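Open the model in your viewer, keep the sequence panel beside it, and follow the stops below in order. At each one there is something to select and something to look for.

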Amino acid sequence: MDSMEFVDPSKEAPTGGSRYFDDALRVIYEAIADINLQLPQEQRIEKSPTTVLFGKDGKLDSLGLANFIVIVEQKIEEVLGLLIGLTEDDPFSPSTGHFRTVQSLASYISQSVARERGGAHPQS
Amino acid sequence: MMTSSGTSNAALNLHLISDFNLETLGQYVRNDTSAPVVSVSSAPFGQVFPTLLEPSPSGPSSFALVWTIPEKLVPTFAAALNYVAISEERLIAEVREFADCLRKAQKHFRAIFVVSWTLPSYYRGTGILNLKGQGPRKLLLKMNLALAEELENCGNIYVLDGQRWIDAVGKNSHSPKLYYLTKTPFHAEVFVRAVRELKAAITAVLGASKKLVILDLDNTLWGGVVGDLGWEKVRLGGHDYVGEAYVDFQKALKGLRNRGILLAIASKNQESIALEALAKHPEMVLRPTDFTTWRINWKDKAANIADLVAELRLGLQSAVFIDDNPVERARVREALPEVYVPEWPADPTLFPSSLLQLDCFDSAYATAEDALRQEMYATEKQREFSRKAVGSAEEWLLSLDTELTVEELSDANRVRVVQLLNKTNQMNLTTRRLSEQELQTWLQSDKRKLWAFRVRDKFGDSGLTGILSLEVTSEVAYVSDFVLSCRVMGRNIERAMVACASRYCASLGLRELRAHYLPTVKNKPCLEFWMSSGFSHKEENWFVWLLDQPYVFPPGIKVNSLPGVDADAVAAQDGSPHGNQVSPVPASTR
């Protein structure tokens, strides 16, 4: 599964403008800190938008990705107060690709949060 | 929370046996660099019974973790969860079958840790009927109790309380999503807690748990500064929430003392004022007699602690230091890194719970010697006073009226022998660590012999404090274990043990008795003994006694029995001018 071809991150929809992107990034970085405790030193994940998570050159195998998904979902609930399922689209599928990089995941989360909140501002 | 360090077992392995995906726990264990470092192997997924019945070959340093889902392992419980009326006899019989398999596997591992069965935190069951009739939680309690009782007498199988890990994580402890994705029912946080407990359990089995708590006084055992307030006005008990917390903290410490953990004081105070407070305050739980020793003065605490630990003949790694003052904690951490200094809350109401959650006191055994440790050290103090009163060391040793009782391994002493074998660092020739099962297997050959030595003198009973084992070939006997508790070191017990071995070997007509010292960072005292033992020492770390000469018993030590050696033969060989006595061996011990 690790060698699957995924959607090219450079072709993803622009996300930096999403009002929830920074929150999503914070949640992901907290989850990375947790998941790194499971990983050997050389496989630990860097907290950077360009870090490849899953697929070719990714640091997570399918067990690691499953653990990561559960941790991220829990952090979203804790930090943003929302129950957002990250497995509605098959996370292991090459065609989905939102777990390909930190940036693609942050984009996916921020769009999901925006949908849940109907475009409301995080503090409102 | 901490896991105690101080072990040097580099090649420890944990074998995971489970009916769910336990790989996440394995990853946490692999990445945990705190001592003891443990490698991980896994049994084939879901193959619990076949693995227990035919485990793959494992070494003496291999531990097993057996963690199962109750409704998967026990079919009758699965039926009960679906509210089918079940036979409770059948349910318990299935638990016993599992316990049987664990017993069969125990000889393959140094220790087996079995996690108690739990139900998911989201599982509501039958609500108010959960603990009535065949309520699921009632049945699960019965199953766990039956399992614990079945394994009660298995010296190297321990049931770990998995419910604590679930409770600590709370509502997120189980993840249905993770289960459906990866067949892992638990959230990673449960495994983080499990790893801490496993490390503490392995440390306990290795005998590296802490033995001594050194306490500050002012604002640690009571509120306020006794030198300023006087003992009548310190905060302790009364109708005061802080005073009550200090009383509960002292009660928790008293509980540790009752478990055999020594208490000591390192406090910057005037000794007479502090001791008066301990003796006179009506709500003081800990009295001066509860403390094995103390250093109450104005000197540096680190120096006082080093001195105090040396007095008790313990290693610094055996000690825990508790002080409310962060500056003192930092000082001791810096000066004595081997001493464990837990972070301590500023709020006294958190003192009792902070103490009760420490895992560094976990012990794999509870023996009579543990419970009496405090008394044994008290009699040691009396010995020290008498040593100062008597002119020479030789006269003092003669005045002790020491008696040595020699026993073979038996059901009555096995737990203590294994504990001593695995805990002793200083007077230990080979530092061989064995489980009960491994020791019994080793002794199955009639070429091997093991004696346990009980020591008592006019001041009291020091308990079972020595072990000597031998491996005999056609002409030579090799000492496999030579172990003596630091509690009785320096009282010529070492020489008496060697004399016993030489008598036994001579009675077999052997030519030589040899001992091979295996150095560790802690067993230099053992080398010093053998260097002065009178054995020839021509090859590095090898010590040889030619058995055509009797090895003389030290004067003043009476040996009550010597199993395996004819008493007359022993007495006839005794060259001691002090007329050492060897009593006939009681028939029951032969």
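Two strands are said to pair if DSSP finds at least two bridges between them, and helices (H or I, at least four residues) and strands (E, at least two) are themselves DSSP runs, numbered from the N terminus. This is a predicted model, in which local features need pLDDT of at least 70 and side-chain atom pairs count only at pLDDT 80 or more, while totals for chains, interfaces and linings use all residues. Residues are numbered from 1 along each chain as its sequence is written, and chains are lettered from A and ligands numbered from 1 in the order in which they are written.

**Stop one: a strand with covered faces**

Select β7 (262-268) of chain B, which pairs with β8(B) in the parallel sense over five bridges and with β6(B), also in the parallel sense, over four bridges. To see the pairing residue by residue, pick B:Ile265, which is the bridge partner of B:Leu215 and has B:Trp294 as its own bridge partner in β8(B). A residue counts as buried if 20 or more other C-beta atoms lie within 10 Å of its own, as exposed if 12 or fewer do, and as partly exposed in between, with C-beta atoms placed from the backbone. By that count, seven of the seven residues of β7(B) are buried. In a regular strand the side chains alternate between the two faces of the sheet. Here B:Leu262, B:Ala264, B:Ala266 and B:Lys268 point one way, whereas B:Leu263, B:Ile265 and B:Ser267 point the other way.

Now select helix α13 (residues 301-311) of chain B, where B:Lys301, B:Asn304, B:Ile305, B:Leu308 and B:Val309 are buried. Because they cover an arc of only 130° around the axis, they lie on the same side of α13(B), the arc being that of the directions from the helix axis to the C-beta atoms. The elements that cover these buried residues include β6 (212-215), β7 (262-268), β8 (293-297), β9 (319-322) and α14 (326-335) of chain B. After α13(B) comes B:Arg313, whose phi is positive, near 55°.

**Stop three: the nonpolar cores**

A nonpolar core is a set of buried Ala, Val, Leu, Ile, Met, Phe, Trp, Tyr and Cys residues joined through C-beta atoms within 7 Å. Which residues touch the most other members of the largest nonpolar core? They are A:Ile28, B:Leu102 and B:Ile112, in a core of 89 residues. Helix α9 (residues 188-205) of chain B gives the largest share of this core, eleven residues. Two residues are in contact if their C-beta atoms, placed from the backbone, lie within 7 Å. Leaving aside neighbours within four places in sequence, B:Leu102 is in contact with B:Leu52, B:Val66, B:Ile112, B:Val114, B:Leu151 and B:Ile157.

**Stop four: a glycine in a loop**

Select B:Gly207, in the loop between α9 and β6 of chain B. Is this glycine, B:Gly207, buried or exposed? B:Gly207 is buried, because 20 other C-beta atoms lie within 10 Å. Its contacts, leaving aside neighbours within four places in sequence, are with B:Gln419, B:Asn422 and B:Lys423. The C-alpha atoms of B:Gly207 and B:Asn425 are separated by 9.7 Å, although the two residues are 218 apart along the chain.

**Stop five: the other chain**

Finally, colour by chain and select chain A, which has three helices and zero strands. Buried residues make up 40% of its 124 residues. The contact between the chains takes twelve residues from chain A and 14 residues from chain B. On the chain B side, α1 (23-31) and α8 (176-182) each supply at least two residues, and α1(B) gives the most, with six.
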